[in-house]
Amino acid sequence: MTTIQFDAAFAVIDQLQAAGYDAVIVGGAVRDTLLGLPVHDVDVATSALPEETKRVFKKTVDIGIEHGTILVLDAGEPIEVTTFRTEGEYADHRRPDKVDFVTNLAEDLKRRDFTINAMALRSKQEIVDLFGGKADLAAKIVRAVGNPEERFREDALRMLRAVRFSAKLHFEVEANTLAAIKTCASDLQYIAIERIKSEFDQIVRSQHPYKAFQLLVDTGLATYLPGTFQQIDKLQQFHTTHTLTGWAMFSYLEQDEALITKYRGANKEKQFIKQVLAAIEALKRPLDARTLFNFDEDVWQAAVHIYNHVSGETIDIDVLRRRKAALPIQHKGEIVVTGKHLLQWRGQKGGPWLAEALDALLTLIVSGQLENDEQQIKGWFNDEWQR
């Protein structure tokens, strides 16, 4: 527990306690510390109201003050500090109708989703565990805090979070919690697809994506998600730490290039997955120089990973990487002539012919049939291509 963020969080806690307020580290930082996993975000919860927190520290930013969250910048590392709170009804299955600030830590922890996420850590290394989170960590169980059906009716996204934690940690979902997911599965339709995608980003790069996808099918959640989920058996033993490789695998199993679009993926994500799927198809045939050139190394790496897993073959990515590195050029911009040269040499306006000529030129250079030299290219263009 020597990370810079933890040091900063404890400094913030000490300052709040000195001012007379209760303050603790909460959430995933506590869980992952107990599991010996890397900790990425260390958040603090406090009995201090937002305005009181702002008075304690010199440098703060309002990043969610309506929900009680202030970003404190005094401790070297930015630390999110949120006032203890309870939440009202969730009429839309997504957001509480109101948030009430409280001074009692127990009330704050009671509103959280799972026991393993409902622990707190005080500055003297004291764990506050009111709902058996440590025992569930030891037993490798994902269990809802309190009544699981109530937790899922409040926020239906929690059902996907249960699936995600099961896949990430290789935990089992506790029986009553699992039954409540099956009962509440249809509420997933109320959740914005962008929030769903955020959970899927973590599921597809988890240690056990097959476990997650099987849970989605078994609980009925898959019914309310884009995709058929009919080929999930091929996810067994599959693992990647790269989010878009995970999405490409999902898309490949679905045979649906547009799957990421249905989950509101960004254009950059769509393009990468489209290229990976095309590269996988290319791997089914002997690779020529032009095909090697067409895709960047990260695309080939994802494609080979997926192809090897699904086909059972063992294409060596290092061999492919060396072959690609040995090509005469790596990017179109390395060709010594441009379309302007071809227009000038031909003496007429552009048209479809120009794209065709540039494409033919690229293929010849990449395959080593024509040297990347202006005079040789001009000779080829005038003597061979134009004929």
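User: Where does Leu73 lie, and why does Leu73 count as partly exposed?
Analyst: In this predicted model, Leu73 lies in the loop between strand S4 (69-72) and S5. Its relative accessibility is 35%. Partly exposed covers the range between under 20% for buried and over 50% for exposed, so Leu73, at 35%, counts as partly exposed.

User: What makes Val61, Ile63 and Leu73 a nonpolar patch?
Analyst: Patches are made of residues with over 30% relative accessible area and no salt bridge, and nonpolar side chains are joined within 5 Å. Leu73, at 35%, is over that 30% limit. Val61, Ile63 and Leu73 form such a patch on the surface, and together they have about 210 Å² of accessible area.

User: Where is the place of Lys110, and is Lys110 buried, exposed or partly exposed?
Analyst: Lys110 has its place in helix H4. With a relative accessibility of 41%, which falls between 20% and 50%, Lys110 counts as partly exposed.

User: How many residues apart are Lys110 and Ile25 in sequence, and how far apart in space?
Analyst: In sequence, Lys110 and Ile25 are 85 residues apart. From C-alpha to C-alpha, 15 Å lie between Lys110 and Ile25.

User: Why is the contact of Asp113 with Arg161 called a salt bridge?
Analyst: The rule asks for a side-chain nitrogen of Lys or Arg within 4 Å of a carboxyl oxygen of Asp or Glu. The closest N and O atoms of Asp113 and Arg161 are 2.8 Å apart; this is within 4 Å, and therefore the pair qualifies as a salt bridge. The pair links distant parts of the chain, 48 residues apart: Asp113 is in the loop between helix H4 (105-110) and strand S8 (119-121), and Arg161 is in helix H7 (residues 157-169).

User: What makes Arg143 and Asp136 a salt bridge, and how is each residue classed by accessible area?
Analyst: The side chains of Arg143 and Asp136 meet at 2.9 Å, N to O, which is within the 4 Å limit, so the term applies. Arg143 has 29% relative accessibility and counts as partly exposed. Asp136 has a relative accessible area of 5%, under 20%, and is therefore buried.

User: How do you know that Lys262 forms a salt bridge with Asp256?
Analyst: The closest N and O atoms of Lys262 and Asp256 are 2.7 Å apart. Since that distance is within 4 Å, the pair meets the rule. Lys262, at 41%, counts as partly exposed, whereas Asp256, at 18%, counts as buried because this value is under 20%.

User: What makes the lining of the largest cavity mostly nonpolar, polar or charged by class?
Analyst: Two cavities of 30 Å³ or more are found in the whole structure, and the largest has a volume of about 40 Å³. Its lining consists of Val204, Pro209, Phe213, Leu235, Phe238, Gly246, Met249 and Phe250. Seven of these residues are nonpolar, one is polar and none is charged.

User: Which residues line the second largest cavity, and what classes do they have?
Analyst: This cavity holds about 40 Å³ of space and is lined by Phe213, Phe229, Gln231, Ile232, Leu235, Phe250, Leu253 and Glu254. The lining has six nonpolar, one polar and one charged residues. Glu counts as charged, so Glu254 is the charged residue.

Definitions and conventions
Residues are numbered from 1 along each chain as its sequence is written. This is a predicted model: local features need pLDDT of at least 70, side-chain atom pairs count only at pLDDT 80 or more; totals for chains, interfaces and linings use all residues. Side-chain values use heavy atoms; hydrogens and water are left out. Helices (H or I, at least four residues) and strands (E, at least two) are DSSP runs, numbered from the N terminus. Buried means under 20% relative accessible area, exposed over 50%, partly exposed in between (1.4 Å probe, protein chains only). On a 1 Å grid over the protein atoms alone, a cavity is a set of points where a 1.4 Å probe fits but cannot get out, and a pocket is an open set with protein on both sides within 12 Å along at least five of seven lines; lining residues have an atom within 4 Å of a point. Grid points are joined across faces, edges and corners, and a volume is the space filled by probe spheres set on the points. Patches are made of residues with over 30% relative accessible area and no salt bridge: like charges are joined within 9 Å, nonpolar side chains (Val, Leu, Ile, Met, Phe, Trp, Tyr) within 5 Å. Accessible areas come from the Shrake-Rupley method with a 1.4 Å probe; for residues, only the protein chains shown count as cover.
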